Amino acid sequence: MNHDSYDNAYISGILNSVKTIAIVGASANDVRPSFFVTKYLIDKGFTVFPINPGQAGKDLLGRPVYARLADVPEPIDMVDIFRASSAVLPIVDEALALRPLPKVIWMQLTVRHDEAAAKAEAAGVKVVMNRCPKIEYGRLSGEIGWNGVNSGVISSKKPTMRQGFQSFGIRQK
Amino acid sequence: MSQRTPGFNTLAVHAGAKPDPATGARATPIYQTTAYVFDDVDHAASLFGLKAFGNIYTRIMNPTQAVLEERLAALEGGTAALATSSGHGAQLLIFHTILRPGENFIAARKLYGGSINQFGHAFKNFGWEVRWADVADPSSFEKQIDDKTRGIFIESLANPGGEFVDIEAIGNVARKHGLPLIVDNTLASPYLLRPFEHGADIVVHSLTKFIGGHGNSMGGAIVDGGTFDWSKSGNYPMLSEPRPEYGGVVLHETFGNFAFAIACRVLGLRDFGPAISPFNAFLILTGLETLPLRMQRHSDNALKVAEWLSGNDKIAWVSYPGLPTDKNHALQKKYSPLGAGSVFTFGLKGGYDAGVKLVEGVELFSHLANLGDTKSLIIHPASTTHRQLSDEQKIAAGAGPDVVRISVGIENFEDIIADLEQALSGA
């Protein structure tokens with residue numbers, strides 16, 4: 001797997017298949033990027049489990065916060081890691097100890113750990129590194145173009161509309 | 001598992017546009033609206049807090065404008081773009097994002113006259129200092145850099161002389177000193193030259209010229225290359241520090257490699273207001289679809305006209321990099337191999353008076369202060385665009401008394417030459 005560039009089909013396949021996402025490092029501070037992403041993914045219909053030991057037991061955007069991945073009482077499809085690259089390996093170990101196994105381990109923009117990625121892939125888990133699921137969702141749905149950002153996608157197909165104004169989804173191939 | 005990257009011509013027609021999901025309309029609609037309905041208070045809060053992508057108010061963004069922006073970003077090879085009411089508006093937003101009072105930037109001495117005025121006079125009132133340098137000598141940029149310098153500004157193809165600039169040489173100076181290189185790519189357009197491929201960090205455009213291409217709409221744009229690290233030095237607090245305008249959001253950390261375009265929009269455009277009208281965005285977008293065809297014809301015609309002028313006995317000199325004998329020809333071959341563009345200058349043996357007679361004697365050419373129209377245009381800079389400059393500044397800017405600038409259109413080149421021939425007979 002080449003982790004320097006991902007095909008759109010790989011990313012859209014992931015975002016269209018996962019339903020539950022644990023966000024490790026989700027912040028309760030509403031100007032932090034991890035808060036932005038948590039809010040966006042909830043708005044897009046994902047079931048999000050914020051993971052943050054300092055906030056465990058509290059509510060974040062109406063979702064209960066857990067201290068550790070192992071505390072989440074439901075199967076986790078995707079683990080999104082909002083921590084420095086140096087902190088990634090033990091989090092990936094925790095994720096790989098989950099049963100059922102998560103389908104995807106995702107590391108945020110600037111976060112990359114090739115050894116941890118190889119370990120996850122050896123266990124059959126898909127890996128995305130140095131990307132943001134909010135940006136990728138916005139890019140592949142076309143929403144990000146509303147803010148002048150280059151989505152890198154051209155298509156003559158009908159955009160997929162979600163409920164409400166100004167909300168696109170990612171088209172199923 | 002490999003994904004095709006569309007070519008330039010395909011991007012010029014398609015990038016950023018999609019069929020309207022409600023009606024199937026294939027052309028991008030003109031969203032002539034000032035505002036956009038929110039689903040609920042939470043949706044509104046997400047938009048105002050930059051937590052959701054979308055539209056709030058046309059002073060900040062508009063869906064027609066957005067298609068134009070994404071297309072420009074795709075054509076330049078950038079991460080994002082912001083369209084504005086004019087190129088001047090775009091420059092204001094760029095420098096507002098990188099400069100505080102007392103800080104400075106280094107700019108090429110040979111620039112569009114309007115930029116010389118904006119940088120040298122209007123910016124002074126903000127406490128922003130411009131320091132002029134010579135693109136032929138990159139060390140003239142380097143020598144003037146100090147701890148208050150925040151950027152370097154050049155044109156890729158310099159106005160009014162139509163000379164290609166060694167972008168990589170200036171880019172090396174910028175990189176060495178941790179400064180963003182801002183390149184005005186108006187005269188070349190991304191069809192001929194893409195500054196990000198040569199070390200630029202930000203590209204600025206007057207869309208009024210070749211991008212729109214038909215001389216009917218004002219517009220400007222900022223394109224973010226996504227290459228500059230705005231947090232490293234601490235010198236760009238608009239991007240690297242918590243912004244009180246948005247409750248403490250740090251734009252670079254939140255928006256990564258398109259943070260500059262977002263900062264220009266949400267801190268500059270929002271508060272200064274030089275927004276492009278949706279109708280102008282539509283017209284420019286329509287023009288942009290044929291940019292590759294037009295730019296090639298402009299360049300091919302200009303070369304033929306330059307060759308003809310070179311052989312005319314009333315002409316003292318022709319400065320067109322497409323001519324193999326031109327001193328700028330090697331740089332043209334390196335940076336713009338498809339052609340040398342449409343705009344160039346030549347000198348009349350008869351000086352100032354001959355220049356005035358020529359611009360008043362043309363019938364097909366239009367005597368006006370613009371360039372990059374489908375129509376051939378002519379101007380005598382010393383008596384018009386560069387009139388406010390001192391004689392010394394005029395010569396330094398390549399706009400001496402004998403200089404005539406033309407922007408060669410896409411008409412039959414035989415007709416363009418015939419018009420110059422008849423007008424020169426009286427000059």
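Visitor: Where is the place of Asn130(A)?

Guide: Asn130(A) is in the loop between β7 and α5 (133–141) of chain A. Helices here are DSSP runs of H or I with at least four residues, strands are runs of E with at least two, and both are numbered from the N terminus. Bear in mind that this is a predicted model: local features need pLDDT of at least 70, side-chain atom pairs count only at pLDDT 80 or more, and totals for chains, interfaces and linings use all residues. Residues are numbered from 1 along each chain as its sequence is written, while chains are lettered from A and ligands numbered from 1 in the order in which they are written.

Visitor: Why is Asn130(A) called partly exposed?

Guide: Count the other C-beta atoms, placed from the backbone, within 10 Å of a residue's own: 20 or more is buried, 12 or fewer is exposed, and in between is partly exposed. Asn130(A) has 15, so it is partly exposed. Its phi is near 55°, a positive value in a residue other than glycine.

Visitor: And what makes Leu61(A) partly exposed?

Guide: Leu61(A) has 17 other C-beta atoms within 10 Å, hence the label partly exposed. Leu61(A) lies in the loop between β3 (59–60) and β4 (63–64) of chain A, and has a positive phi of about 50° although it is not a glycine.

Visitor: Why is Gly127(B) called exposed, then?

Guide: With 12 other C-beta atoms within 10 Å, Gly127(B) counts as exposed. Gly127(B) sits in the loop between α5 (113–120) and β3 (129–133) of chain B. Neighbours within four places in sequence aside, Gly127(B) is in contact with Pro101(B) and Gly102(B); contact means that two C-beta atoms, placed from the backbone, lie within 7 Å.

Visitor: How do you know that both faces of β6(A) are covered?

Guide: Val104(A) and Trp106(A) on one side of strand β6 (residues 104–107) of chain A are buried, and so are Ile105(A) and Met107(A) on the other.

Visitor: What makes β5(A) and β6(A) a pair?

Guide: Two strands pair if DSSP finds at least two bridges between them. Strand β5 (residues 78–81) of chain A has four bridges to β6(A), and the two run parallel. Val79(A) stands opposite Ile105(A) in β6(A). Likewise, β6(A) and strand β7 (residues 126–128) of chain A are parallel and joined by three bridges, with Lys126(A) as the bridge partner of Val104(A).

Visitor: Over in chain B, how do you know that the buried residues of α7(B) line one face?

Guide: In helix α7 (residues 167–176) of chain B, the buried ones are Ile167(B), Ile170(B), Gly171(B), Val173(B) and Ala174(B). Seen down the axis, they fall within an arc of 155°, so they line one face of α7(B); the arc is that of the directions from the helix axis to the C-beta atoms. Their cover includes α6 (138–142), β4 (149–155), β7 (181–184) and α14 (329–335) of chain B.

Visitor: What are the edge strands of the five-stranded sheet in chain B?

Guide: The open sheet runs β10-β11-β14-β13-β12 (chain B), with mixed pairing. β10 (315–319) and β12 (366–367) of chain B each pair on one side only, which makes them the edges. Inside it, β13 (residues 377–379) and β14 (residues 403–407) of chain B are antiparallel over three bridges.

Visitor: Last one: how many residues of chain B are in contact with chain A?

Guide: 40 residues of chain B meet 29 residues of chain A. α3(B) gives the most to that side of chain B, with six residues.
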